[in-house]
Amino acid sequence: MANNDSPTTETIQLHIPEHLDPVSVLGPEDEVIRTLEKSFPGIRVSSLGREITISGDPEEVALTADLGRELIGLARSGQYLNAETVQHAIGLLADTGTSIASNETILTVHGRDIRAKTPGQQRYVDLIANNTVVFGIGPAGTGKTYLAMAMAVNALLSGEVRRIVLTRPAVEAGESLGFLPGTLTEKIDPYLRPLYDALNEMIDQEALPRLLAAGTIEVAPLAYMRGRTLNDSFIILDEAQ
């Protein structure tokens, strides 16, 4: 429902569905409302029961209403809403022109969806999906390896590729491989552990050993990649710097 209060002011009301707890949409202590008002200074947002009223600058009101409908849809799907969710939705819309709802699930693991959570991650995922070679550069903890791994597992499960090859330099930290205890496999395993950790999160614990034994998923140090022929493969080179 929309009506013009004046030539420069507009008001739009949104309704929270009956089966949703208003807190799941508005956030704890109306955190979602406060974040919207901070992001769009030309509007005011208020709530009464299940009604959300947005008023102010017509352009910002229309944009906020679109975001509000989107956030209600996310709450309906069970996603937790807070200030970070709102900022992500706004950033994605501003940077890429797409909505947060258009971020397709890359992979579902144990009932949990893996998807891009920031505009930068969404661009990264899109580039991986549409290009043969992608270089991902960024600080630690930004999802470079994790999202690439999710894309690789999805490609394997959907039949786009026949195997996944994960490789990483055996970077030494003051120790020589020759002086570490164990076989060669045991020597290099600590360097490849981050890749195994991501795999363990995304593939069934019983299926993973079979896939590794069959060579469908291969984890190896970079030094072993020279001269390899890798057809129909999704290859991830971690720590390439």
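**A tour from a surface patch to the core**

Select V133, F135 and I137: together they make a nonpolar surface patch of about 440 Å². Areas come from the Shrake-Rupley method with a 1.4 Å probe. The model is predicted, and local features need pLDDT of at least 70, side-chain atom pairs 80 or more, while totals for chains, interfaces and linings use all residues. Residues are numbered from 1 along each chain, and side-chain values use heavy atoms, without hydrogens and water.

Stay on V133, in the loop between α5 and α6. V133 is exposed, at 59% relative accessible area (exposed is over 50%, buried under 20%, partly exposed in between).

Next, select T145 in helix α6, residues 144–157 (helices are DSSP runs of H or I, at least four residues; strands are runs of E, at least two). Which side chain does the side chain of T145 meet in a polar contact? That of D238, at 2.6 Å (a polar contact pairs N or O atoms within 3.5 Å, one able to donate a hydrogen and the other to accept it; residues adjacent in sequence count only through side-chain atoms).

Now show the largest nonpolar core, of 32 residues, with M149 and L166 among those with the most contacts inside it. A core joins buried Ala, Val, Leu, Ile, Met, Phe, Trp, Tyr and Cys residues through side-chain atoms within 4.5 Å. Helix α6 gives the largest share, 9 residues.

Notes:
Buried means under 20% relative accessible area, exposed over 50%, partly exposed in between (1.4 Å probe, protein chains only). Patches are made of residues with over 30% relative accessible area and no salt bridge: like charges are joined within 9 Å, nonpolar side chains (Val, Leu, Ile, Met, Phe, Trp, Tyr) within 5 Å. A salt bridge is a side-chain nitrogen of Lys or Arg within 4 Å of a carboxyl oxygen of Asp or Glu.
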